[in-house]
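Thanks, everyone, for making time for this.

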Amino acid sequence: MDLFDLYQQKRIWDAEAKADNAGRDAAHASERVATEVRRLEAKIDGLALICEALWELLRERTQLTDDDIRKKMQEIDLRDGVADGKITSVATECRKCQRKTFTRNPVCMYCGEPVTGVWR
Ligand SMILES: [Zn+2]
């Protein structure tokens, strides 16, 4: 084996080591993502349980109905101008104090004026 062959062989070993490390890094990253997904799923399950408990208590102790909550959910969903089943807060200017506020808030956090969404 001459000097050039040795050099080439070293480059091949280096490339193989690099590939092995990249594979291990990808496996670890995939593991971390899976762990984070499991944590977020558990958190969502907990939040869904709290929402259900709160809604059942409200329904039992008030005159509110499933239709009332559906209408309120639609109203809140539309505050950003898009019926997409998500709360997307959009910055808007308060019509009373002209400060920036967000459409997810029912009232301006500075002066208490009802927040008008982008659809109004
Ligand atoms: Zn205001």
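Let me start with helix H2, which covers residues 66-77, has 12 residues and reaches 16 Å from its first C-alpha to its last, close to the 16 Å expected at 1.5 Å a residue. That expected span is 1.5 Å times one less than the number of residues in the helix, and helices here are DSSP runs of H or I with at least four residues, while strands are runs of E with at least two, both numbered from the N terminus.

Before I go further, two remarks on the source. Residues are numbered from 1 along each chain as its sequence is written. This is a predicted model, in which local features need a pLDDT of at least 70 and side-chain atom pairs count only at pLDDT 80 or more, whereas totals for chains, interfaces and linings use all residues.

Is H2 covered or in the open? The number of buried residues among the 12 of H2 is zero, so this helix lies largely in the open. By buried I mean that 20 or more other C-beta atoms lie within 10 Å of a residue's own, by exposed that 12 or fewer do, and by partly exposed anything in between, with C-beta atoms placed from the backbone. As an example, glutamate 75 is found in helix H2, and it counts as exposed because it has 11 C-beta neighbours inside 10 Å. Glutamate 75 is also 18 residues from leucine 57 in sequence, and the two are 22 Å apart in space, C-alpha to C-alpha.

Now to helix H1, residues 3-61, which has 59 residues and reaches 87 Å from its first C-alpha to its last, close to the 87 Å expected at 1.5 Å a residue. H1 is hardly covered either, as the count of buried residues among its 59 is zero. Glutamine 9 has its place in this helix, and with 11 C-beta neighbours inside 10 Å it counts as exposed. Its C-alpha atom is separated by 31 Å from that of serine 30, 21 residues apart along the chain.

What order do the elements follow? From the N terminus on they run α-α-β-β, as the chain has two helices and two strands. In the loop between S1 and strand S2 (100-102) we find glutamine 98, whose phi is near 65 degrees, a positive value in a residue other than glycine. Glutamine 98 counts as exposed, with 11 C-beta neighbours inside 10 Å.

Stepping back to the whole chain, it is divided into domain 1 (1-64) and domain 2 (65-120), with bounds that come from an automatic or database domain assignment. The C-alpha centres of the two domains lie 34 Å apart. Along its principal axes the C-alpha trace spans about 90 × 40 × 25 Å. Of the 120 residues, 5% count as buried.

Finally, on confidence: pLDDT is the predictor's confidence in each residue, from 0 to 100, and the chain averages 90, with 97% of the residues scoring at least 70.
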